[in-house]
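User: I have not looked at this one before. Can you walk me through a few parts of it?

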Amino acid sequence: MSETPSASVKEQGNRSAYDVVVVGAGFAGMYMLYRLRRQGLSARVFEQGGDVGGTWYWNRYPGARCDVESMQYSYSFSDELQQEWNWSERYAPQPEILQYARHVAERFNLRPHIQLNTRVEGAVFDEGTESWRVTTSDGKIVVAKFVVLATGCLSNARVPDIRGLPDFRGSVYHTGHWPHEAVDFTGLRVGVIGTGSSAIQSIPVIARQARELFVFQRTPNFSIPARNAELTAQQRDAFRKIYPEVRRFAREQARNGIYAEPPDRGALDDGDDARRAKYEQRWANGGLTFMLAYNNLILDNAANDTAADFVRGKIAEIVEDSETARLLQPDNHPIGSKRICVDTDYYATFNRPNVTLVDIRADGIEEISPCAVRAGGKDYEIDALVLATGFDAMTGSLAKIDIRGRNGRTLKEKWAEGPKTYLGLMSEGFPNLFIITGPGSPSVLSNMIVSIEQHVDWITDCLAWMRGRRVETIEATKEAEEEWVAHVNEVAQATLYPQANSWYMGANIPGKPRIFMPYIGGVGVYRRICDDIAAKGYVGFAMAAGEQSPRKAVSS
Ligand code: NA7
């Protein structure tokens, strides 16, 4: 690839200068790098992990796999790539997704521009030079005109503050920070804390190894069978043939970036028998699209109850012990208002003689002693403990970086009452700093790769637009940001989502403001909004030409 003069990297002592610094080499950071290089820009990606892959590098717990089908949870930017790559299963396991990420890094020659094992510790905007001064964990300083935060939405693993945890004598693992060497639970007594997606995927696998497994459940979750299976060559080929339509639908029409038959009516428009038949069919088909049985499941409590009752009924059918079944039936939030889980044999695992569900809803875990977890006044003796306790989602990994914009204000301070962005892409007062799938965009409510590609394409086009007009800085205006934040909130309030104490709401982190963070208007609607804003000359963004400040705005 040829490089323009601006692509030269300037090195001076421990300082170097690039057009763009990208933070993170997951699917977002890698595609961003690809597009920047194609534009002839110099870019450096810093990744704290020992390899590319982001979420798929860290989340290597037993049973980890994607909950979006792999033929769709994959890049669409290169037709050769999507035609060549052979996904082995309907939902690829983590090692295969990581292998795919590595393949992409090599196939598109990205590795020379990625620095692994390096954390970005700070990014300070210098108003004099209108550039970012980025400090990294290897003691280097990098100057860049632009910074792109591709830090991922679920990458800041949360270890709960449970009394006695540091004194536990056995091994402790967090699902989001799993060791690279194999972990063997054979013959061990294991405790799992948490019953979210990570726990629901790992529990059936751990149960097959462990001598005894205790699952400490604070809140039961709805889970739909994955119906995972090997993909045949014929299935892959058939899917590849319709890729243009699959990708178009996912980008433009789908709410969640997934190609699926869209619902044509509300749940109460069908009679009991027809509704049950529809749920049975979705249950048999498996996966996240269960929630697409009807078009009002996440809008109307009565409609939602029909789906929730159906799943509760399934739990009662599968789980033999009626008290365990009752405890596993979610009853404090609408189905789908927390991310629905997708499992293989989760509920049936509780029929195994070596698995015990411990209900900690009332008082939580009282204490962890050197060899036991105490709950409900009882000690459960264990040799190993798995924390499937989730993440400080969407904002956690951004808050860990010391980001300072205009007037030295930190992003953390600005977001103390909750994240504030324009389109989830930029935050006012932080010029030339882009966030990929940030709060205020569909991100975690969608097929992440669809949303990542949309953001990266939008940012790339924006940078080209700026260069074509000799615009040096872009930043969200306060007014546009306030309007967008209000809109994101308003759309969320029209749904059932805010009824759940979910990580979408920041509710899993003590002290975190309760704000519904992702944009729920749908990826197709959101894309049209972003495209329209760009087509109108980036309305809501202040642009400055030449030396400084938005006072010289060329467009706003
Ligand atoms: P989640 O979905 O945030 O689940 C975390 C689980 O851990 C959840 O069941 C929590 O119960 C439980 N938890 C957290 N802290 C505690 C304490 N202190 N005591 C007991 N139980 C606790 O994280 P996952 O990793 O499973 O999934 C995250 C996303 O990754 C998922 O949505 C997919 O998109 C992929 P709570 O519900 O808070 O009562």
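**Helix packing and a few residues**

Analyst: Helix 1 (residues 27-38) and helix 14 (residues 448-468) have axes that come within 9 Å and cross at roughly 30°. Helix 1 is therefore roughly parallel to helix 14. Keep in mind that this is a predicted model.

User: What is the handedness of the crossing of helix 1 and helix 14?

Analyst: That crossing is right-handed.

User: Which residues make the contact?

Analyst: From helix 1, the contact uses Phe-27, Ala-28, Tyr-31, Met-32, Arg-35 and Leu-36. Helix 14 contributes Ile-449, Ile-452, Glu-453, Val-456, Asp-457, Ile-459, Thr-460, Asp-461 and Leu-463. By class, the contact of helix 1 with helix 14 has 10 nonpolar, 1 polar and 4 charged residues.

User: How many residues of helix 14 are buried?

Analyst: 16 of its 21 residues are buried, so helix 14 is largely enclosed by the rest of the structure. From first C-alpha to last, helix 14 reaches 30 Å, close to the 30 Å expected at 1.5 Å a residue.

User: What does Asn-447 touch, not counting residues up to four places away in sequence?

Analyst: With those set aside, Asn-447 touches Val-68, Gln-72, Tyr-73, Asn-256, Gly-257 and Ile-258.

User: Different topic. Where is Asp-379?

Analyst: Asp-379 sits in strand 16 (residues 378-381). Asp-379 is partly exposed, at a relative accessible area of 38%. Beyond neighbours within four places in sequence, Asp-379 is in contact with Ala-372, Val-373 and Arg-374.

User: How are helix 8 and helix 9 packed?

Analyst: Helix 8 (residues 272-285) packs against helix 9 (residues 301-318) at an angle of about 60°, and their axes are 11 Å apart. Helix 8 is therefore oblique to helix 9. Helix 8 passes helix 9 in a right-handed crossing.

User: Which residues meet there?

Analyst: In helix 8 they are Arg-275, Arg-276, Tyr-279, Glu-280 and Trp-283. These meet Ala-303, Thr-306, Ala-307, Phe-310, Val-311, Lys-314, Glu-317 and Ile-318 in helix 9. By class, the contact of helix 8 with helix 9 has 7 nonpolar, 1 polar and 5 charged residues.

Definitions and conventions
Residues are numbered from 1 along each chain as its sequence is written. This is a predicted model: local features need pLDDT of at least 70, side-chain atom pairs count only at pLDDT 80 or more; totals for chains, interfaces and linings use all residues. Side-chain values use heavy atoms; hydrogens and water are left out. Axes are lines fitted to C-alpha atoms, for helices over the stretch in contact, and angles run from 0 to 180 degrees between N-to-C directions. Helices (H or I, at least four residues) and strands (E, at least two) are DSSP runs, numbered from the N terminus. Angles under 35 degrees count as roughly parallel, over 145 as roughly antiparallel, 65 to 115 as roughly perpendicular and the rest as oblique. A crossing is left-handed if the near helix is turned anticlockwise from the far one by less than a right angle, and right-handed if clockwise. Contact means heavy atoms within 4.5 Å. Ala, Val, Leu, Ile, Met, Phe, Trp, Tyr, Cys and Pro count as nonpolar, Asp, Glu, Lys and Arg as charged, and the others, Gly among them, as polar. The expected span of a helix is 1.5 Å times one less than its number of residues. Buried means under 20% relative accessible area, exposed over 50%, partly exposed in between (1.4 Å probe, protein chains only).
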